[in-house]
Amino acid sequence: MEEINALFNGFAVALTWQNIMYMFIGTILGVLIGTLPGLGGANGVAILLPLTFSMNPVSAIIMLSCIYWGALFGGAITSILFNIPGEPWSVATTFDGYPMAQKGQPGEALTAAFTSSFVGAFVAVLMITFLAPMVAKFALQFGPAEFFAVQLLTFCSFVGMSKEPPFKTIASMMIGFALASVGMDSITGQLRLTFGSEELMRGFDFLIAVIGLFGLGEILLTMEEGLAFKGTEAKINAKVVFQTWAKLPAYWATYIRAALIGCWMGVTPGGATPASFMSYGIAKKFAKNPEGFGKGDIEGVVAPETAAHAAGTSALLPMLTLGIPGSPTAAVLLGGLLIWGLQPGPLLFVEKADFVWGLIASMYLGNIAGLIVVLTTVPYFAAILKIPFSIIAPVILVICAIGAYTVGNAMFDVYLMIIFGIMGYVFKKLSYPLAPMVLALVLGKMAEGSFRQALLASQGDVSVFWENGLCGGITALAILLLISPLLSKVWGMMKGNKAAA
Amino acid sequence: MQDNHNNESGSIGNKTMEIATAFIILVFGAVVMWDSNRIGSGWGSDGPESGSFPFYIGLMIVISAAVTMFNAFRSNAEEAGEFVGHDELKLVMAVLIPSIIYVALIDFIGIYVASAIFITVFMVWQGKFSIIKSLSVAIPVNVFFFFMFEVWFKIPLPKAWLEAQFGY
């Protein structure tokens, strides 16, 4: 077993006192970020990224990925205790988590949520351990045309799978691509879309977009809903934890279904949020008493949390093996790798095996650290939410401003952050999805590069994208996903006609 | 991207906002196409020219914005509902306007002083805290940030008069 050996080497890399310390710091910061409104996994990692430039890459990625795990755990706390989802993927957790807390079982709900998160993540990490090296080996044969086809697949699946109107998804994604092409063209050296402005020559950094869209934008949305948080006390003790643990194995089928949905949605860029809803829906369909759902059924907490965490974790699989992140936070982590001079993709597994396996090993350890941290510190984090929003809001905005400035040491970025914030607010309210824009901004240059290289090699013949079976298959799948909303509409109309006749 | 077309009730309708946003996106796409065309969007001697990829991106922006705009025009303003009510808009502006002023101030008085003023003003104005209480949050927070960035991580942030008095 090659992978097992590699994994043990990874544990040797990850298991230093220093890294374990970073793991706990990362998790605590992550839970904090996950519970505070306006700070989420993506922009939390974006703000902290510049602070890690001086650290060694292994420690830095361990800390940043632990922030991510922490944020995934933290989202559940606010959902259950305050009925306020700290993260979009924990919306489904509020359906049964909050009623449980109101019935006087906040401890059970929290334990179930954290344990399910842990199980979901663990399944996803297991999958990464064994599947990632295979995918990477397979992807080594990819040329520019194949890479572009995979990127096309990523973006088309956004259009096909998102609940938002397809043309809004396309608009949002294309704005991301357009912003990514601002600045110097890396192939010809020509300036594009700069309109003579020196500030625009540097191009748009996606970290600024993430901080603005998800930071300021989120604060504006929260502000609209009013400033008061009303919640239940977090009472959790060892007895409750063990009692809940004794109950959970009965839901093994739910766990398996939820983890599978999560892994699938995470690898394809469906993301954690739709995964959690889908898992909740399916759990309800299979449940013995579906009437209990929505009134405080523990299974209604288990299903979305397992799926969300499995999706969030497995989003790192395409990021590491193909250089294509499955979620905005994975995109930010990818940006970090690029800054440290590590090019994600199949070669990373060959050239930087230590780094990759160190990271995978840290996923196992980081989730254990996360479970320990959240189970022991929930009351403190719940107390933080009692701080009035009129204190939290300006402090978070200050953090966003500092974060935006440190990305490129430029005031222009801070102004841009405000503009992205307003854009995030408007887009969110009009249901333009934000994730495709961020991913397009990150991948824009790469997608364009592989597109042009492929065309160069074929002398401008577009048929290069379906020349061989592999590339053609991926392209065909991409186009099928792209038009799937149209197909389902046509099918729905035909069905409707039949019913009418 | 802010739009102030108020209708009678003092709130902004979703239909108005949809059309305005789609229009701005459409103009953006057109600008992208225009500038890409200027630098060449065809097939050059060394492969696709610099503007060709962005040109088609711009084209797709224009098409998708046009479709969204068309759908919005056809929609019923009543059914579309309101984008933001009068009271909510006031709350949103209560954060947005101070944030813009805060960011504009950073260049003149440095980020730490501007942040301290911003937090204090916001707490007194929105949270109805006393000035003493607000300052007792704002000052320690910014002293902490100062040490974190200037001393521990050695990342210089915008500074002005006050920091210069301490030799920074």
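Let me start with helix α7 of chain A, which is mostly covered: 15 of its 18 residues are buried. Keep in mind that this is a predicted model.

The length of α7(A) can be checked. The helix runs over residues 144-161 of chain A, and at 1.5 Å a residue its 18 residues should span 26 Å. The end C-alpha atoms are 25 Å apart, so the two values agree.

Next, one residue in another helix. Y280(A) sits in α13 of chain A, which covers residues 272-286. Is Y280(A) buried or exposed? Y280(A) counts as buried, because it has 28 C-beta neighbours inside 10 Å, and the cut-off for buried is 20 or more. Leaving out residues up to four places away in sequence, Y280(A) touches A92(A), F95(A), G300(A), A303(A) and P304(A). As for F155(A), its C-alpha atom is separated from that of Y280(A) by 25 Å, and the two residues are 125 residues apart along the chain.

Now the contact between the chains. Chain A gives 48 residues to it and chain B gives 50 residues. On the chain A side, the elements that give two or more residues are α8 (166-180), α10 (206-224), α19 (389-408), α20 (411-429) and α21 (435-457). Which of these gives the largest share? That is α19(A), with 11 residues. By residue type, the side of chain A that touches chain B divides into 35 nonpolar, six polar and seven charged residues.

That covers the helix, the tyrosine and the contact.

How values were computed:
Residues are numbered from 1 along each chain as its sequence is written. Chains are lettered from A and ligands numbered from 1 in the order in which they are written. This is a predicted model: local features need pLDDT of at least 70, side-chain atom pairs count only at pLDDT 80 or more; totals for chains, interfaces and linings use all residues. Two residues are in contact if their C-beta atoms, placed from the backbone, lie within 7 Å. Helices (H or I, at least four residues) and strands (E, at least two) are DSSP runs, numbered from the N terminus. Ala, Val, Leu, Ile, Met, Phe, Trp, Tyr, Cys and Pro count as nonpolar, Asp, Glu, Lys and Arg as charged, and the others, Gly among them, as polar. The expected span of a helix is 1.5 Å times one less than its number of residues. A residue is buried if 20 or more other C-beta atoms lie within 10 Å of its own, exposed if 12 or fewer, and partly exposed in between; C-beta atoms are placed from the backbone.
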